[in-house]
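Subject: Handover of a structure and notes on its contents

Dear colleague,

Please find the sequence and structure below for your records. My notes follow directly after them.

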Amino acid sequence: MIAGGVALLFVALYLMRRLDGFGRILAVATVLLIFASSNMPSLVSFSFYARYVAVGCLVVWALLGHPRGIRRTDHWTSLFVTALWATAALAALSSFWSVTPLHTLQQAIALLLLAALTHVVLWRRWADAVAVTADLYVVYVILSLSLVVSLGLGIAGSASATSFNERFQGLYSNPNMLSIICALTIPLGWALYRQSRKRTQLLGIVPAAIALPITESRTALIALFVGGLWVVLRHGVGPLARLLVVTVGGVGLAYLFGMLPSLVGSPWVQAIAARFTDPDNGDFSNGRTQTWQAAVELWQSRPTLGFGYASGFQLFEQTRQNGFLDANVNLVHNSYLQWLLEMGVIGVAPLLLLLFVALKAALAPVGALNSGLVWLIVTGLLIQVTESTMFGMGQPYPYVFWLAVAGVLVSPRSGRHVSGVPASVYISARADGGSYPHSPTGQRQPTTVHGSARRERMSVR
């Protein structure tokens, strides 16, 4: 395990050599967010404040760095950033009436940092899909490495790799958290592959594809399937027909060679099937419906202002002590209902605006990078029906999800540029007549620009 950890460290250091300052800080921030989501108390304590400092450094670096000459933003981008700022500002304001004012203020600052990060990357860094790909590649590699570590813990027989109910959780605090990370990593890897057309980009999907089924998380499996099916349907009848042929053919070959019975009868397939067919204590939702009902009843007691942003944990603890709630949960397990409980009716408008923009992004053209990002967005929106991580700051999900929405919004407002020459070639011009943006593969983009391309560069300036 130590040797494997050292090897992964060297891989991470090698990859970071190819990054600019923002990319290196982004890698550190992602690692710290993973630490905060782990089941190791020492890592959680170490990253508690450091993760927010790292995100703040990202914002400062982007503000102080040389702007990328980004074109005027469109209305959808402006609406998205405005709604995100309004959501964060309202969360901070709720500390005045929150049942846990200090905790609400702390988490609201983290949400403000997310809004600031999204703002600066859209206005000063992400000029086109090349720039988006470079930053998302960093997040993808770190998430994939965390899944490799998780599988390593399982292979090594670590007791912390399984939860109290014998479900696999790897490095993370619970199986659902691990499944969410897998559900982010798979479409993110597909997005990078579609953009670069390099099969090596798919390697990071392998540990996610292995870890996701053994978490036995029904929500993540269904959401990932529906999100992928949505993208396939958006591509037209041809890809859907090919997918059906491959699926039917694969099942048929497995049956002919006698592999299907052994596959269906394997322990992990039986465990997944049991999760869909055998209710726990007579409830297929694992007590979530009871929690949702309790949340609605609590909201009805303070419908206008709610109980304060991020107050759900302490709120449920108090109600449990008072005998109001019998379930042993501290989250609503529904991001939309939890937001209503914590922010009340006044929080509905900014949330609806954000969801409206996210749905708009889900309807974007699904070519190249967008193919995976749209998959990620649809998957993320569905996961939030049974999980409360959409604004659960301090772990990777909200950052990756909302940056994916921002990434989809970059394409339509990046403007026209010369075919074959990324728009980022025309930015940050230096004395030698151009800059050299780094691609996700580490190769430097050409800077020889003639004729109409040179005129296009001057127009971007």
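In helix 16, the residues that count as buried are Ser335, Leu337, Gln338, Trp339, Leu341, Glu342 and Met343. Please note that this is a predicted model.

Helix 16

This helix covers residues 335-343, and because 7 of its 9 residues are buried, it is largely enclosed by the rest of the structure. What do the buried residues of helix 16 pack against? Their partners are helix 5 (75-93), helix 14 (288-301), helix 15 (312-321) and helix 17 (348-362).

The N-terminal end of the helix is capped by Asn334, with a side-chain oxygen 3.0 Å from the backbone nitrogen of Tyr336. After helix 16 comes Gly344, which has a positive phi, near 70 degrees.

Thr389

Ser335, one of the buried residues of helix 16, is also among the residues that Thr389 touches. Thr389 itself is located in the loop between helix 18 (369-383) and helix 19. Is Thr389 buried or exposed? Its relative accessible area is 8%, and because the limit for a buried residue is under 20%, Thr389 counts as buried. Leaving aside residues up to four places away in sequence, the contacts of Thr389 are Ile180, Ser335, Gln384, Gln395, Tyr397 and Pro398.

Cavities

The count of cavities of 30 Å³ or more comes to 3. The largest cavity holds about 110 Å³ of space. Its lining is made up of Leu26, Ala29, Thr30, Leu33, Val55, Leu58, Leu117, Val139, Pro396, Tyr399, Val400 and Leu403. Helix 2 (21-36), helix 4 (50-64) and helix 19 (396-413) are the elements that each give two or more residues to this lining.

Cysteines

How many disulfides does the structure hold? The number is 0. For reference, a disulfide is a covalent bond between the sulfur atoms of two cysteines. Two cysteines may be described by their accessibility. Cys182 has a relative accessible area of 0% and is therefore buried. Cys57, at 35% relative accessibility, counts as partly exposed, because this class lies between the 20% limit for buried and the 50% limit for exposed.

With kind regards

Key
Residues are numbered from 1 along each chain as its sequence is written. This is a predicted model: local features need pLDDT of at least 70, side-chain atom pairs count only at pLDDT 80 or more; totals for chains, interfaces and linings use all residues. Side-chain values use heavy atoms; hydrogens and water are left out. On a 1 Å grid over the protein atoms alone, a cavity is a set of points where a 1.4 Å probe fits but cannot get out, and a pocket is an open set with protein on both sides within 12 Å along at least five of seven lines; lining residues have an atom within 4 Å of a point. Grid points are joined across faces, edges and corners, and a volume is the space filled by probe spheres set on the points. Helices (H or I, at least four residues) and strands (E, at least two) are DSSP runs, numbered from the N terminus. A disulfide is a pair of cysteine sulfur atoms within 2.5 Å. Buried means under 20% relative accessible area, exposed over 50%, partly exposed in between (1.4 Å probe, protein chains only). Contact means heavy atoms within 4.5 Å. A polar contact is a pair of N or O atoms within 3.5 Å; within protein, one must be able to donate a hydrogen and the other to accept it, and residues adjacent in sequence count only if both atoms are side-chain atoms.
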